[in-house]
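Subject: Handing over a structure

Dear colleague,

I am passing the structure below on to you, together with some notes on what was found in it.

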Amino acid sequence: MLPLQTPTVEKSAMKKVIDLLIQKLFAFDEWRVGLIPSDQLSSIIQSQQCDESTVIWLDIDGCHYQADPFLFEVDSELVLAYESMSQWHRIGKVKCANLQGEPLPYFDTLSSREGHQSFPYVFTYQGELYCLPETADTGKLKLFKYDSHSKQFEFFRTLLSDVSVVDSFIYPKDGILYLFCTHKVDGNFVQKLHVSRCFGQDFQEHPSSPIASGKSHGRNAGGLVEHAGKLYRISQECGRFYGEGLNFHHIQTMNRDEYIESKAFNLTFSNTSKYGYHTFGVYRDWIVIDGKERRYSLLAPFMKIKAKLSKWRMRVSSSPKRLDTSAEAHNYLEHEHRE
């Protein structure tokens, strides 16, 4: 007579259920910003691999979520822009710090605005500093300009209205401003491209737009990266779960009438302490990335309940115009883990 297998199967099924409950109740992700000397960029692109042992991981403000990093310079000081979020609230705010982790005030006015903020992309155009943060729950894409007198990024103008876009950036080239922005459509990401000759003119959708779509190609993971005469767009790999990894796309043609890119490679990581990455950028002497680790806490169920209440209060206090389903979908996709 064959031995019965039912008890083993039942134990295996029970273990899966218990593991799932532990993940749902007590697990959460903790993101950190990392720095790599930029002289390693050639090796990273040629090998299509990043050795995580070379990453200098920062803990800037003690919050659970320190991600979406970008570097810029004010008065010859290197500044780190990033999203900061507590698991108790799960409503992100953009912040600034120096590389020693000391807070800087440049985003104080911007971050005091209502709603979730992330992806504080900072760039220089015609000698001026600008920031294009994600503010998807407002239904608008807003541009902020640095004021050297107040030392704040002040509201400059609205670039797109009646849209819920995430992880947007602008790349000036040959007298044209190229605006890359991610839309969420039917559970997928769609990368659209808009163009304008200056900020005084409206942005129009590019003839080649949309330029990419899908969970592996449609969502940006930072601004464009230039290396050895080539230009790369970097996308988030979200095929299995949010923040899984990074894909590099070689931009072969980009002008007013035509845009062509092709996937170059998926960046892998060795000697890893993190299990996911979703930002990659280069500024002067540094490559800046972010990575996440899975953490466990007996307080996690209370953090998750408190965070849901915070989101609910934010929605209730918002005007009806701002309660669009696409923005809500984005907020949940951004911070509710799909693993």
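The notes that follow go through the strands, the aromatic pairs, the salt bridges and the surface.

Please keep in mind that this is a predicted model, in which local features need pLDDT of at least 70 and side-chain atom pairs count only at pLDDT 80 or more, while totals for chains, interfaces and linings use all residues. Residues are numbered from 1 along each chain as its sequence is written, and side-chain values use heavy atoms, with hydrogens and water left out.

**Strands and hairpins**

Helices (H or I, at least four residues) and strands (E, at least two) are taken as DSSP runs and numbered from the N terminus, and two strands count as paired if DSSP finds at least two bridges between them. Strand E9 (residues 128–134) and strand E10 (residues 140–147) run antiparallel and are joined by 2 bridges, with cysteine 131 standing opposite phenylalanine 144 in E10. The hairpin of E9 and E10 has 5 residues between the strands, and glycine 139 takes a positive phi near 75° there. E10 is also joined to strand E11 (residues 152–161), again antiparallel, by 8 bridges, and here leucine 141 stands opposite leucine 160 in E11. The hairpin that E10 and E11 form has 4 residues between them, and lysine 151 in its turn has a positive phi of about 55°.

**Aromatic pairs**

Rings of Phe, Tyr and Trp (its six-membered ring) are said to pair if their centres lie within 6.5 Å, with planes under 30 degrees apart counted as stacked, over 60 as edge-to-face and the rest as tilted. By this rule the count comes to 25 aromatic pairs. One of them is the tilted pair of tyrosine 130 and phenylalanine 199, at 5.1 Å centre to centre and with 55° between the planes. Because tyrosine 130 lies in strand E9 and phenylalanine 199 in the loop between strand E14 (188–196) and strand E15 (204–205), this pair ties together parts that are 69 residues apart in sequence. For accessibility, buried means under 20% relative accessible area, exposed over 50% and partly exposed in between (1.4 Å probe, protein chains only). Tyrosine 130 therefore counts as buried at 5%, and phenylalanine 199 is buried at 6%.

An edge-to-face pair is formed by tyrosine 232 and phenylalanine 248, at 6.0 Å centre to centre and with 70° between the planes. This pair links tyrosine 232 in strand E18 (residues 230–237) to phenylalanine 248 in strand E19 (residues 245–254), 16 residues apart. Tyrosine 232 is buried, with a relative accessible area of 7%, and phenylalanine 248 is buried, with 0%. Tyr130 and Phe199 also belong to one aromatic cluster, whose members include Phe70, Phe119, Tyr121 and Tyr259.

**Salt bridges**

A salt bridge is taken as a side-chain nitrogen of Lys or Arg within 4 Å of a carboxyl oxygen of Asp or Glu, and a search of the whole structure finds 16 of them. Lysine 15 and aspartate 19 form one, with their closest N and O atoms 3.0 Å apart, and both residues lie in helix H1, 4 residues apart, or about one turn of the helix. Lysine 15 counts as exposed at 53% relative accessibility, whereas aspartate 19 counts as partly exposed at 35%.

The side chains of arginine 157 and aspartate 202 also meet in a salt bridge (3.5 Å, N to O). Arginine 157 lies in strand E11 and aspartate 202 in the loop between E14 and E15, so the pair ties together parts that are 45 residues apart in sequence. Arginine 157 is buried, at 18%, whereas aspartate 202 is exposed, at 54%.

**Surface**

Patches are made of residues with over 30% relative accessible area and no salt bridge, like charges being joined within 9 Å and nonpolar side chains (Val, Leu, Ile, Met, Phe, Trp, Tyr) within 5 Å. Met14, Val17, Ile18, Leu21, Ile22, Leu25 and Tyr296 form a nonpolar patch with about 630 Å² of accessible area together, as computed by the Shrake-Rupley method with a 1.4 Å probe, where for residues only the protein chains shown count as cover. Helix H1 (residues 6–26) gives the most to this patch, with 6 residues. Leucine 21 lies in helix H1 and counts as partly exposed, at 48% relative accessibility.

With best regards
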